[in-house]
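Dear colleague,

I am passing the structure below on to you, together with some notes on what turned up when I went through it. Please read the notes with the coordinates open beside them.

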Amino acid sequence: MSSNNDFSNTSSKRYALALFELSEESKKLDVIEDQVNSILKLIEESKDFSGFIKDPTTNKDDLEKVITKISDSFKLDGLIKNFLIFLINKRRFFYVEQIMKGFVEICSEKRGELKAELKSAKELSGDELSKITDELTKNFSSKIKLNYKHDKSLIGGLIVQVGSTMIDTSIKNKLQQIENRMIEA
């Protein structure tokens, strides 16, 4: 099983890099990145679409028809549409989400951005997110690409992870630490 997983990770990185290089060559990198983000958002928000692309019994013709319809309605660039059809024909469409995420990561790396994960107990406004991003940019001396999630289970506080650095000010974590100290005593 792990060799299959390694294959999918390695393959998806190669396909993501190929899409990046094609986008860069055709001078459409920004357009393709925006469209890839739209596709990822569609996969995340539509359970039907997500299930459809991950269903191994879905045949190539059905996949191509759906991608053509999505391409027309989202007005996707020919490059991304052809890339998606190529994945279908190579029977790699099952990995499309992984490939698209890899592509976005490559774009971020090439811009010198660091990826940061932020979880908060309360819903943060755009202004609050902007301030946090600015503060992280200052502290890490690099552009920050912030991935934000609202997590009610934290009770209160924030969890920020940039690379291997983690800052956990959540009440859930503090309660866990108190519990651990009580167990050790």
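**Pockets, a cavity and aromatic pairs**

The lining of the largest pocket divides by class into 4 nonpolar, 3 polar and 11 charged residues. Please keep in mind throughout that this is a predicted model. The volume of this largest pocket comes to about 700 Å³, and its lining is made up of 18 residues, among which Leu40, Lys101, Val104, Lys115 and Asn147 lie nearest the centre. Two or more residues of that lining come from each of H2, H6, strand S1 (113–120) and strand S2 (143–150), and it is H6 that gives the most, with 6 residues.

The second largest pocket has a volume of about 210 Å³, and the classes in its lining are 7 nonpolar, 1 polar and 4 charged residues. Its lining consists of Phe52, Ile53, Asp55, Pro56, Thr58, Lys60, Leu63, Ile88, Arg91, Arg92, Phe93 and Phe94, with helix H3 (47–54) and H4 each supplying at least two residues.

Some residues of this second lining can be followed into helix H5, which covers residues 78–89. This helix has 12 residues and reaches 16 Å from its first C-alpha to its last, close to the 16 Å expected at 1.5 Å a residue. At its start, a side-chain oxygen of Asp77 comes to within 2.9 Å of the backbone nitrogen of Leu79, whereas just after H5 the residue Arg91, which also lines the second largest pocket, takes a positive phi of about 55°. The buried residues in H5 include Leu79, Ile80, Phe83, Leu84, Ile85, Leu87 and Ile88; of these, Ile88 belongs to the lining of the second largest pocket, while Leu84 belongs to the lining of the largest cavity.

The last point concerns the aromatic side chains, for which a search of the whole structure finds 3 aromatic pairs. In one of them, the ring centres of Phe20 and Phe103 are 6.5 Å apart and the planes lie at 55°, so the pair counts as tilted, given that edge-to-face would need over 60 degrees and stacked under 30. This pair links distant parts of the chain, since Phe20 sits in helix H1 (residues 2–25) and Phe103 in helix H6 (residues 96–110), 83 residues apart. Phe20 counts as buried because its relative accessibility is 3%, and Phe103, at 0%, counts as buried as well.

Another pair is formed by Phe94 and Tyr95, and this one is edge-to-face, with 5.6 Å from centre to centre and 85° between the planes. Are its two members buried or exposed? Phe94 is partly exposed, with a relative accessible area of 46%, whereas Tyr95 is buried, with a relative accessible area of 15%.

With best wishes

Key. Residues are numbered from 1 along each chain as its sequence is written. This is a predicted model: local features need pLDDT of at least 70, side-chain atom pairs count only at pLDDT 80 or more; totals for chains, interfaces and linings use all residues. Side-chain values use heavy atoms; hydrogens and water are left out. On a 1 Å grid over the protein atoms alone, a cavity is a set of points where a 1.4 Å probe fits but cannot get out, and a pocket is an open set with protein on both sides within 12 Å along at least five of seven lines; lining residues have an atom within 4 Å of a point. Rings of Phe, Tyr and Trp (its six-membered ring) pair if their centres lie within 6.5 Å; planes under 30 degrees apart count as stacked, over 60 as edge-to-face and the rest as tilted. Helices (H or I, at least four residues) and strands (E, at least two) are DSSP runs, numbered from the N terminus. Buried means under 20% relative accessible area, exposed over 50%, partly exposed in between (1.4 Å probe, protein chains only). The expected span of a helix is 1.5 Å times one less than its number of residues. A polar contact is a pair of N or O atoms within 3.5 Å; within protein, one must be able to donate a hydrogen and the other to accept it, and residues adjacent in sequence count only if both atoms are side-chain atoms. Grid points are joined across faces, edges and corners, and a volume is the space filled by probe spheres set on the points. Ala, Val, Leu, Ile, Met, Phe, Trp, Tyr, Cys and Pro count as nonpolar, Asp, Glu, Lys and Arg as charged, and the others, Gly among them, as polar.
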